[in-house]
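Dear colleague,

Please find below the structure that I am handing over to you. My notes on what was found in it follow directly after.

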Amino acid sequence: MFRRCCEPVGLGVGQSGWRLKAGCDYIAVLRCHLSSMFPSTRIFPLSVLALFGFCLLACGDPKPSPGGELVVSVRPLALIAQEITKGEIPIRILIEGRDPHHYAPSIPERAALERALLIVWLGPQMEGVMAGQMASLPAERQLQLLTNSTFEYQGASAADMHLWLRPRNAAIAAAQIAERLAQLRPQSAELYRRRARDFSRSMANLQKVLDRALWGYRNVPIVVTHDAYGHFFGSAGIETRALAYGSDRGYGARAMLDLSGAGEGCLFGDVPENARDRQLARHLGLHYGTLDSLGAQLGPDASYRDLIESLLAQARGCLSRIPDASTRGSRN
Ligand SMILES: [Zn+2]
């Protein structure tokens with residue numbers, strides 16, 4: 001009897017299903033336990049009523065609290081948000097050590113999403129698997145950055161939206177975050193907007209430094225295993241050639257053929273360094289380097305500027321091995 005009535009029969013997939021698994025569908029869980037304990041007498045002791053009341057308090061619909069978290073999909077968005085919040089709002093990073101293209105939230109992570117003050121993510125074009133969960137959450141508690149059309153894409157792929165790799169785009173994202181937080185916390189609105197303006201000025205300068213540093217490498221063949229890095233190199237006029245597009249990580253024979261004999265250049269793969277990408281670089285006659293697009297290797301107190309500066313150092317680590325290119329690069 002217990003087994004039959006405790007099966008999730010009649011519950012739809014999605015929110016009801018996960019709430020039952022989490023023990024939060026208290027009515028179904030309590031009713032079936034009671035019927036197995038008191039099959040014939042329908043005894044309903046006071047202690048059970050107290051338990052029922054406790055379950056109501058513990059498992060009621062999660063609501064965003066005024067002091068709730070700012071939840072972001074990936075760490076670079078946390079670094080950008082931090083420029084606006086300056087530690088005054090706790091920030092939770094949802095996707096760590098996993099691929100944002102293929103990430104699906106776990107049950108505790110879904111609960112965190114439901115409780116969040118605001119959720120910042122790129123959109124279904126980037127965090128595709130997460131989009132299903134986001135569709136069930138109210139629009140006023142999420143900020144889809146890609147709905148903003150002012151991001152720049154020069155030299156970058158529109159199929160793989162690692163927009164945070166370009167400082168000018170980080171400034172646009174920060175302004176969006178500041179505006180939404182200003183609506184949620186009007187008493188701090190001016191503070192958030194002022195921080196966004198300061199960050200924007202700082203990012204305009206950082207973009208110039210980055211473009212100058214990379215400009216000398218614009219004629220060097222750069223192949224990337226992941227079509228994200230045009231957002232980093234593209235503003236300097238550097239064209240990257242990708243072995244895989246968007247969330248696809250398989251390298252086609254055609255792409256390999258097109259890229260063989262490209263000349264002395266670099267193949268950049270995602271961190272961590274690995275034998276497969278190293279072998280691929282050797283096969284294509286390229287030097288091999290890695291790039292940390294998600295800031296996974298940065299220290300806990302790193303800033304957004306640290307992310308960009310570490311990417312530049314990683315890029316130069318490979319590019320400076322090309323004699324002509326390193327001469328050109330060092331003059332800038
Ligand atoms: Zn990607």
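**The β-α-β unit and its sheet**

Strand E7 (residues 266–270), helix H12 (residues 275–284) and strand E8 (residues 287–291) form a β-α-β unit of right-handed sense. Please note that the model is a predicted one. E7 and E8 are paired in parallel through 5 bridges. Within this pairing, Cys-266 lies opposite His-287 of E8, and Leu-267 has Tyr-288 of E8 as its bridge partner.

These two strands belong to an open sheet of 4 strands, which are paired in parallel in the order E6-E5-E7-E8. Its edges are formed by strand E6 (240–242) and E8, each of which pairs on one side only. On average, neighbouring strands of the sheet are turned by 30 degrees against each other, if direction is ignored. H12 packs on this sheet, where it touches strand E5 (222–224), E7 and E8. The direction of H12 makes about 165 degrees with that of E7. Helix H13 (304–319) also packs on the sheet and touches E7 and E8, and its direction makes about 175 degrees with that of E8.

**The nonpolar core**

The largest nonpolar core comprises 72 residues. Those with the most contacts inside this core are Val-72, Ile-80, Ala-81, Val-120, Ala-174 and Ile-177. Helix H8 (residues 167–184) is the element that gives the most to the core, namely 8 residues. Since domain 2 (70–210) and domain 3 (212–330) both give residues to the core, it lies between them.

**Helix H5**

Helix H5 (residues 75–85) is mostly covered, with 10 of its 11 residues buried. Among the buried residues are Leu-77, Leu-79, Ile-80 and Ala-81, but also Arg-75, Gln-82 and Glu-83. The elements that cover the buried residues of H5 include strand E1 (70–72), strand E2 (91–93), strand E3, H8, helix H9 (189–215) and H13. Just after H5, Lys-86 adopts a positive phi of about 50 degrees.

**The loop around Val-129**

Val-129 is located in the loop that connects strand E3 (118–121) with helix H7 (131–135). Is Val-129 buried, exposed or partly exposed? Its C-beta atom has 15 others within 10 Å, and Val-129 is therefore partly exposed. Apart from neighbours within four places in sequence, Val-129 is in contact with His-102, Tyr-103 and Ala-104. Val-129 and Tyr-103 are 26 residues apart along the chain, and their C-alpha atoms are separated by 5.9 Å.

**The protein overall**

The protein has 332 residues, of which 35% count as buried. Its secondary structure consists of 14 helices and 8 strands. Of the contacts with a separation of 6 or more, 60% are between residues 24 or more positions apart.

With kind regards

Terms used. Residues numbered from 1 in each chain as written. Predicted model: local features only at pLDDT ≥ 70, side-chain atom pairs only at ≥ 80, totals over all residues. Core = buried A, V, L, I, M, F, W, Y, C linked by C-beta atoms within 7 Å. Buried ≥ 20, exposed ≤ 12 C-beta atoms within 10 Å, placed from the backbone. Domains from an automatic or database assignment. Contact = placed C-beta atoms within 7 Å. Pairing = 2+ DSSP bridges. Right-handed = clockwise from strand over helix to strand, strands pointing away. Axes fitted to C-alpha atoms, helices over the stretch in contact; angles between N-to-C directions.
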